[in-house]
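The following note sets out points for a colleague who is reading this model. Please consider them alongside the sequence and the coordinates.

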Amino acid sequence: TPAGLLGLRRIETGFDSKNGGQLTTGAQKVSQSFLVLFLTEKGSVAGDKEYGSVFLSRIRGSNISESQIQIIFRETAKDILDQQERYIQGDTPDDEILTAIDLLSFSSADPTSMELTIQLTTADGVQREVILPISLVIK
């Protein structure tokens with residue numbers, strides 16, 4: 001049994017009674033929010049059937065060309081930007097508003113996996129690259 005399961009190792013959560021916890025903000029928050037949305041299968045969230053993306057379901061289990069992957073990614077990126085509009089409030093800072101999602105590159109070493117390099121741009125012009133390994137096989 002791993003030590004963490006036996007209570008032999010202290011786990012730091014980021015919350016404490018003195019400071020009240022830590023928040024993710026700015027480009028890091030945008031990156032995390034994007035990844036959750038991108039990796040959540042559309043229609044799988046109870047109460048919000050529009051949340052998520054169809055990218056994984058459309059590329060898995062089929063012999064798909066590079067141009068099709070780019071088209072599916074562009075369609076998914078547009079949908080994610082549209083979905084984000086529902087969550088932006090008047091006081092949302094520009095560094096937490098996603099304005100562009102670009103697929104910089106993708107590669108596949110074998111038929112069971114793919115690696116995407118994605119550039120995210122916020123309303124204040126900050127850009128972040130996200131490297132996302134994806135399994136193409138559901139186990």
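1. The largest nonpolar core comprises 25 residues, where a nonpolar core is a set of buried Ala, Val, Leu, Ile, Met, Phe, Trp, Tyr and Cys residues joined through side-chain atoms within 4.5 Å. Buried means under 20% relative accessible area, exposed over 50%, and partly exposed in between (1.4 Å probe, protein chains only). The residues with the most contacts inside this core are F34, F38, F55, I101, L116, I118 and I134. Two or more residues each are given to the core by α1, α2 (55–59), α3, β1, β2 (113–122) and β3 (127–135), and the largest share, six residues, comes from α3.

2. The model is a predicted one, in which local features need pLDDT of at least 70 and side-chain atom pairs count only at pLDDT 80 or more, while totals for chains, interfaces and linings use all residues. Residues are numbered from 1 along each chain as its sequence is written, and side-chain values use heavy atoms, with hydrogens and water left out.

3. The mean pLDDT (the predictor's confidence in each residue, from 0 to 100) of the protein chain is 84, and 83% of its residues reach 70 or more. Over residues 1–6 the pLDDT is below 50, and this stretch has four contacts in the model beyond near neighbours in sequence; a contact means heavy atoms within 4.5 Å. Where pLDDT is low, the predicted coordinates should not be read in detail.

4. The secondary structure consists of three helices and three strands, in the order α-α-α-β-β-β from the N terminus on. Helices (H or I, at least four residues) and strands (E, at least two) are DSSP runs, numbered from the N terminus. Of the 139 residues of the protein chain, 30% count as buried. Among contacts with a separation of 6 or more, 42% join residues 24 or more positions apart.

5. T40 lies in the loop between α1 and α2 and counts as buried because its relative accessibility is 17%. T40 and G52 are twelve residues apart in sequence, with 4.7 Å from C-alpha to C-alpha. Not counting residues up to four places away in sequence, T40 touches V45, Y51, G52 and S53.

6. Q83, in helix α3, is buried because its relative accessible area is 4%. Under the exclusion of residues up to four places away in sequence, Q83 touches L37, K42, E50, Y51 and G52.

7. The largest pocket holds about 330 Å³ of space. On a 1 Å grid over the protein atoms alone, a pocket is an open set of points where a 1.4 Å probe fits, with protein on both sides within 12 Å along at least five of seven lines, and lining residues have an atom within 4 Å of a point. Grid points are joined across faces, edges and corners, and a volume is the space filled by probe spheres set on the points. Of the 14 lining residues, K29, S33, Q84, Y87 and E96 lie nearest the centre of the largest pocket. Two or more lining residues each come from α1 (26–39) and α3 (66–84), and α1 gives the most, with five. By class, this lining has eight nonpolar, four polar and two charged residues; Ala, Val, Leu, Ile, Met, Phe, Trp, Tyr, Cys and Pro count as nonpolar, Asp, Glu, Lys and Arg as charged, and the others, Gly among them, as polar.

8. The second largest pocket has a volume of about 250 Å³. Its lining has 16 residues, of which I64, I69, S108, M114 and L136 lie nearest the centre. β1 (98–110) and α3 each give two or more residues to this lining, and β1 gives the most, with four.
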